[in-house]
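Subject: Handover of a structure

Dear colleague,

Please find the structure below, together with its sequence. My notes on what was found in it follow directly after.

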Amino acid sequence: IIPYLLMRDAERLFLMQRTRAGGDARLHELYSLGIGGHLNPQDGGVMSGLRREFREEMLADWEPEPHLLGLLKDDDVLVGQVHVGVVFEADAAGRELHVRETHKLAGRFVTPAACAPVYESMETWSQFLYDHVTGRQVGPVEFG
């Protein structure tokens, strides 16, 4: 189970790119709209895991107020075959947000139109999420 958080700042989306320093080679150099990672046994639940992942991956002097979007599963890729995402979104409301581990990730808020040129280089979960938030046809994945 992967808590997966889409961060917005009004209409802008927090877009990240993974470097080769990340742990999972299958995700190297791919773009992501989701902040998150595996639940740990000591997390005590999805929301606690989501908050821990946010604190581990992001630098912010505030805590997000996540709202559930739905579940995400993609059996067409190896990573997706062994993971299910619990997808949330939250709004930064003009507050600053930065990547903590800059050797593993780069990220910033961009317009949805600025994401379009890197769409094919996004993780599939991020493609599904982008399709959802921009109103593109999503295919077999539904949120709600």
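**Findings**

K73 is partly exposed, at a relative accessible area of 36%; here buried means under 20% relative accessible area, exposed over 50%, and partly exposed in between (1.4 Å probe, protein chains only). This is a predicted model, in which local features need pLDDT of at least 70 and side-chain atom pairs count only at pLDDT 80 or more, while totals for chains, interfaces and linings use all residues. Residues are numbered from 1 along each chain as its sequence is written, and side-chain values use heavy atoms, with hydrogens and water left out.

**The chain as a whole**

The protein chain has four helices and nine strands. Both are DSSP runs numbered from the N terminus, helices being H or I with at least four residues and strands E with at least two. Along the sequence, the order of elements is β-β-β-β-α-β-β-α-β-β-β-α-α. Of the 144 residues in the protein chain, 44% are buried. The protein chain exposes about 7700 Å², of which carbon and sulfur atoms supply 52%; accessible areas come from the Shrake-Rupley method with a 1.4 Å probe, and for residues only the protein chains shown count as cover. Among contacts (heavy atoms within 4.5 Å) with a separation of 6 or more, 64% are between residues 24 or more positions apart.

**Salt bridges**

Side chains of opposite charge can pair when their charged atoms come close. A salt bridge is defined as a side-chain nitrogen of Lys or Arg within 4 Å of a carboxyl oxygen of Asp or Glu, and by this rule there are ten salt bridges. One of them joins K73 to D75, with N and O 2.9 Å apart. D75 is partly exposed, with a relative accessible area of 48%.

A second example pairs D9 with R12 at 2.7 Å, N to O. D9 counts as buried because its relative accessible area is 12%, whereas R12 is partly exposed at 34%.

In the salt bridge between E101 and K104, the closest N and O atoms are 3.9 Å apart. E101 is partly exposed at 32% relative accessibility, and K104 is partly exposed at 30%.

H83 sits in the loop between α2 (78-81) and β7 (85-91). With a relative accessible area of 11%, H83 is buried. Leaving aside residues up to four places away in sequence, H83 touches I2, H38, K73 and W125. The side chains of H83 and H38 are also joined by a polar contact of 2.8 Å. A polar contact is a pair of N or O atoms within 3.5 Å; within protein, one must be able to donate a hydrogen and the other to accept it, and residues adjacent in sequence count only if both atoms are side-chain atoms.

C115 belongs to helix α3 (residues 112-115). C115 is buried, since its relative accessible area is 0%. Apart from residues up to four places away in sequence, C115 touches L13, L15, L33, V110, M122 and Y130. Although C115 and Y31 are 84 residues apart along the chain, their C-alpha atoms are separated by 9.2 Å.

Q127 is found in helix α4 (residues 124-134). Q127 counts as buried because its relative accessibility is 13%. With residues up to four places away in sequence set aside, Q127 touches Y119, E120 and M122.

With kind regards
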